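Please read these notes with the model open beside you. Check each point against the structure as you go.

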Amino acid sequence: MRREIPEPSSTGVPAVIVRPRASRSTLSQSARAVTVAGILAVQALFAAPVSADPLDAGPNNIYVGSSADATGASSCADPDYSTDEDDEGNINLALDAALAAVNNDGDVIIVCDGIYEYDDSTLVHDAGAGRYGNITIQAETPGSVILHGMSEGYIGLDFVDTDVEVVGVVFQGLFPAIWAESSEGEGPHSLLVEESYFYVNANNWGGAIHAEQMNITVVDSVFGAVADNPDTLPYEAPNNASSDGGAIWATSDVATLVSIQGSVFEGNHSDEDGGAVWVGGDVRLEVEGSSFERSEEHTSELQSRGLISY
């Protein structure tokens, strides 16, 4: 069971700014390159051994997929970590292995297109405990990677004292999809979510994203939808919190920002405050060019408690 969550801070007066979305250029990720020829030449002169592990030789794409064809090349045809029984065996172990392999030199974890079912939570990626503190996880094709928690109470991605970027991933049936926090005196760290989708995730606080002492930016993403056919994947249905923040819950004892840009919140539900978003403590909320809609099932309840609570 997840560690106990402290009561939201009552100190600080959070602010919310809601404005039309300004035009912006599409975010792009600059290519990363490291020249190792000079280093290798010096090593050769002194007969120093060179690492044979390609994951230790500068920036890499680290691939996570469902099969390995033994092509010898790191790619979705031959992922570094796979869900095959002969390899890591399931998506949570494959992601754990990929996260452990990241070096702080621009490595990117690419999850290959497919549907992946959890059979446990991923391990906590804690930069304060020796893990590297800058993580990027992206789908091979945005919207074509489904991380499915099977509604069994598994945490999708779990970070402590880490700057995280997640791009193009569909999260479904997780508890919650993303948990991110900064330790006291170690933050705030940042979480960027872009072009991602969150359906049928649940938690006590924050059905899709639970954050403590984090700066959060959400861009061009979708949280919940009017329920469609439950036999299809992804099953596009709302996220839910048994307490506050049906989709996003964020609190902080230090000044932080939650920025939501160009995103859609539809039908998300909380039993208490913030049907879509709840922020508390010293958190400022900015909403830009985004839409928030209630589900017909919970209209009267959410109207009394608010889609956004701050």
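Where is the place of S151, between β8 and β9? The first point gives the answer.

1. **S151.** S151 sits in the loop between β8 (145–148) and β9 (157–160). Strands here are DSSP runs of E with at least two residues, helices are runs of H or I with at least four, and both are numbered from the N terminus. S151 is not a glycine, yet its phi is positive, near 55°. Its relative accessibility is 56%, so S151 counts as exposed. The cut-offs are these: buried is under 20% relative accessible area, exposed is over 50%, and partly exposed is in between, with a 1.4 Å probe and protein chains only.

2. **How to read the model.** This is a predicted model; local features need pLDDT of at least 70, side-chain atom pairs count only at pLDDT 80 or more, and totals for chains, interfaces and linings use all residues. Residues are numbered from 1 along each chain as its sequence is written, and side-chain values use heavy atoms, leaving out hydrogens and water.

3. **Confidence.** The mean pLDDT of the protein chain is 80. This score is the predictor's confidence in each residue, from 0 to 100. A pLDDT of 70 or more is reached by 73% of the residues. Residues 1–17 fall below 50, and that stretch has 38 contacts in the model beyond near neighbours in sequence. Residues 19–55 are also below 50, with 36 such contacts. A contact means heavy atoms within 4.5 Å. Where pLDDT is low, the predicted coordinates should not be read in detail.

4. **The whole chain.** The protein chain has three helices and 25 strands. It holds 310 residues, and 46% of them are buried. Take the contacts with a separation of 6 or more: 77% of them join residues 24 or more positions apart.

5. **V200.** Here is another positive phi in a residue that is not a glycine: V200, at about 55°. V200 lies in the loop between β14 (197–199) and β15 (202–203). With a relative accessible area of 24%, V200 is partly exposed. Most residues other than glycine have a negative phi, and most peptide bonds are trans.

6. **Cis peptide bonds.** F175 and P176 are joined by a cis peptide bond, with omega about -15°. P176 is in the loop between β11 (169–172) and β12 (178–181). The bond from G187 to P188 is cis too, with omega near 5°. P188 belongs to the loop between β12 and β13 (189–194).

7. **The open sheet.** How many strands form the open sheet, and in what order? Seven do, running β5-β8-β11-β14-β18-β21-β24 with parallel pairing. Two strands pair if DSSP finds at least two bridges between them. The edge strands, β5 (114–117) and β24 (291–293), each pair on one side only. Strand β21 (residues 264–266) is joined to β24 by three bridges, in the parallel sense. F265 has F292 in β24 as its bridge partner. Strands of a sheet pair through backbone hydrogen bonds, either parallel or antiparallel.

8. **The cores.** The largest nonpolar core has 56 residues. Its largest share, six residues, comes from helix α2 (residues 91–101). Such a core is a set of buried Ala, Val, Leu, Ile, Met, Phe, Trp, Tyr and Cys residues joined through side-chain atoms within 4.5 Å. F171 and I178 have the most contacts inside the largest core. Beyond four places in sequence, F171 touches residues including L147, L157, I178 and F198. A second, separate core has five residues, among them I146, Y199, V222 and A225.

9. **V193.** Is V193 buried or exposed? V193 has 0% relative accessibility, so it counts as buried. V193 is part of strand β13. V193 and E165 are 28 residues apart in sequence, but 6.0 Å apart in space, C-alpha to C-alpha. Beyond four places in sequence, the residues that V193 touches include V166, I178, F198 and I209.

10. **The salt bridge.** A search of the whole structure finds one salt bridge. The term needs a side-chain nitrogen of Lys or Arg within 4 Å of a carboxyl oxygen of Asp or Glu. Here the side chains of E286 and R284 meet, at 2.7 Å from N to O. E286 is buried, at 13% relative accessible area, whereas R284 is partly exposed, at 36%. Side chains of opposite charge can pair when their charged atoms come close.
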